[in-house]
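Subject: Structure for your files

Dear colleague,

Please find the structure below. My notes on it follow.

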Amino acid sequence: MEELTKVEWVRLPLSTNYAVAYAAKDADIDIVSAYPITPQTTVVEKLSEFIANGELKAQMIHVESEHSALSAAIGASAMGARAFTATASQGLELMHEVLHIASGLRLPIVMSVAARALSAPISIWGDYTDLMNTRDTSWVVLIAGSAQEAYDSVLQAYKIAEDSRVLLPVMVGYDGFLMSHTYEPVSVLANSGAALRYIPKKVTWATLNPERPITVGAMANPDWYYEIKYQQVEAMKAAYEVVKEADAEYGRTFGRSYGIIEETDTDGSDLNVLTYGGIYGTLLESSEIIRKNGIKAGFARLRLFRPFPYEEVLKLAEKSSALVVLDRAITYGMPIAGPLAREVISVLYSHGINIPVYNFIVGIGQRSFTENDALKVVSASFEMLKRGQKIDESIYWGVRE
Amino acid sequence: MELELHPLEKYIRTEKMPTTWCPGCGIGTEAQAFIRAVDELKIDPKKIVIVSGIGCTGRMPHYLRFDGAHVLHGRAIPVAIGIKLARPDLKVVVWGGDGDILSIGGNHLIHAARRNADITVIMNNNFIYGLTGGQVAPTTPKDTLTYTSPYGPDSKPFDAVKIAAAAGATYVARWSTAYPVLLKESFKKALQHRGFSFIEIISQCPEIFGRINGFKDPYGLYQKIRKIGQIRRGIGPFETKYDWNEEITLGEFVNKDEPTYLEQLSQIIKEAQESGQDEA
Ligand SMILES: Cc1ncc(C[n+]2csc(CCOP(=O)(O)OP(=O)(O)O)c2C)c(N)n1
């Protein structure tokens, strides 16, 4: 508590993109390498402004593609620099092979992702297909639900990434447009030095050093490759704990923490709705009309996608008669096609929990999802629950077939 | 009675009008010069395919009534080569911004030039990333500003003419939106050229590049582009200038006849098959 009083904040109207840029500045990053892409671009524009104005002492590399953006971050991080990059959509896809290099080399890079749909056809609008495609890259994936949380999560991301038990890159996702380009009041540190008490600059990871020459990323044969990759499995397990610790310590230091799943009215409800990102705000807005329609619905928002927070999901499931899972991405070719719903079902199955999981695909390519849609989705689910009905295929909400 | 809006209307997807291009943007001038070239050459529009990456310029296939593909940012050139190899009878044209062609797709440009791939690449150089709202491009000249280089670019710009020529392009020209007739004539040559043709067009982006650099209206920026564009004849690609304060040299700098990629490929296959037969 004593610490808390020392921290001074400034309250600013910021888009989530700007909030992320402020956080990267306050983390005193040493390098930022990026290539513009909608809806991420204003993150790096803001950072270049900070650097140009002398508010942030960092090198900015205007690379020629996202592939180079993450590669440059890898080079800098391998030399012990605190590295940052930001992207979205096709940019994240173009980085895909480099994502595996960053995690395989165990480099604590932090990246923000303003989640956006993928081509073809081109859509600059938001959904989570890009972010969900990073599932198997061994990055820690946080998904924020507000500009404030995005700011806090970027600072937490360095705490997690640089923890010597983890040493994995961390991604902070949030809704393209609905969050990246809308303004909210955000408290940012008045003095960025305060952030460094939480995330002191200390090189905790193995770096290159010409004085003591080593080779990173060298060929691993069948006799050792497997064990090296297994270390990433262990690191992910450790990350699960460290994510919670980092959030708790953030709360002690700065007075805000989020937990792993944010919940509203989930105890004693008729059913609970689980989702991620900014759509949670729409759900909360809809809670009143849902209640007026005679349904007691609870709402939950997942903040951590990788490592997958199975304990918290189990706890939520144990007190739910049914889970309605809203996904803003599609896993093509699977009957249950929502990436989150699939993880939830697998966790429930392996723990013998057999409640109905109603998976709705919503908000694809920024198809509107309003409070009214929320009401209809919850009502439809409640009807199915009353009939004891389960589903074996996702419901593509509002699609014209 | 069917009313024709314009003699070139048949080449335009009028149902897609208005375009997303800003008032005063130079891309429309380029589009018009191109369809005039196609019209004057009497090329069957059904024999043209336009491929673009992403960018304001990349919108071209939306608006011209040719078969078209709007592909990934930077990847139009390899897609075009694939199209050309599958259907050598078609004229395949890539149209892209300087970011598309020289940044993210720069590698494809030099390799297509090296192979003398039988396609035409048109590059709209507005000195900036337009669609994403004004970030520094590899062409951004010294002494100009962008939103990600608020005190000027940190590196010297690419001169696309020199790059294309050095990589082996067999037709290389640079024009500006101030010379639409010369541009049209150059399009005609490129469309008839065997092998890799590359045309760079210096163009105005008044809404973004213009505003950041203190040009209060499109005309001011257009005047600047008109003034710095110096046409020089009879000089090679390496004697040209790309200098915002002095001169950006315009003209045709390479025009030579060499076997195309497909011809080289066919030749190797033929030779290999013949030598194979000898052994058999
Ligand atoms: C892989 C990838 N990275 C980034 C982008 C975002 N993006 C779209 S267009 C563009 C650059 C636009 O500039 P330019 O190519 O010069 O074309 P202009 O808009 O100026 O015509 C960028 C960076 C993208 N679509 N895909």
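**The ligand site**

Around the ligand, α5 (89-94) of chain A and α4 (98-104) of chain B each supply at least two residues of the shell. Please bear in mind throughout that this is a predicted model. The ligand lies between chains A and B. There are 23 residues around the ligand, and those that come nearest are B:Gly55, B:His73, B:Gly97, B:Gly99 and B:Gly130. By type, the shell around the ligand divides into nine nonpolar, eleven polar and three charged residues.

**The domains of chain A**

Where the two touch, 26 residues of domain 1 of chain A are in contact with 21 residues of domain 2 of chain A. On the domain 1 side, the elements that give two or more residues are α7 (129-132), β6 (140-143), β7 (170-175) and α10 (225-254) of chain A. Of these, α10(A) provides the largest share, five residues. That side of domain 1 of chain A consists of 18 nonpolar, four polar and four charged residues.

**The nonpolar cores**

The largest nonpolar core has 125 residues. Within this core, A:Val20, A:Val154, A:Val170 and A:Val324 have the most contacts. Helix α8 (residues 147-161) of chain A gives the most to the core, with nine residues. Why does this core lie between domain 1 (2-254) and domain 2 (261-396) of chain A? Both domains give residues to the core, so it lies between them.

To take one of its residues, A:Val20 is in contact with A:Val43, A:Ala86, A:Ser112, A:Ala150, A:Tyr151, A:Val154 and A:Val172, leaving aside neighbours within four places in sequence. Apart from this core lies another, of 78 residues, which includes B:Ala33, B:Ile35, B:Phe66 and B:Ala117.

**A helix pair in chain B**

In chain B, the axes of helix α3 (residues 76-86) and helix α5 (residues 106-115) come within 8 Å and cross at roughly 35°. On the α3(B) side the contact is made by B:Ile77, B:Pro78 and B:Ile81, and on the α5(B) side by B:His108, B:Leu109 and B:Ala112. Five residues of this contact are nonpolar, one is polar and none is charged.

Regards

How values were computed
Residues numbered from 1 in each chain as written. Chains lettered and ligands numbered in written order. Predicted model: local features only at pLDDT ≥ 70, side-chain atom pairs only at ≥ 80, totals over all residues. Axes fitted to C-alpha atoms, helices over the stretch in contact; angles between N-to-C directions. Helix = DSSP H or I, 4+ residues; strand = E, 2+ residues; numbered from the N terminus. Contact = placed C-beta atoms within 7 Å. Nonpolar A, V, L, I, M, F, W, Y, C, P; charged D, E, K, R; others polar. Near = placed C-beta within 6 Å. Core = buried A, V, L, I, M, F, W, Y, C linked by C-beta atoms within 7 Å. Buried ≥ 20, exposed ≤ 12 C-beta atoms within 10 Å, placed from the backbone. Domains from an automatic or database assignment.
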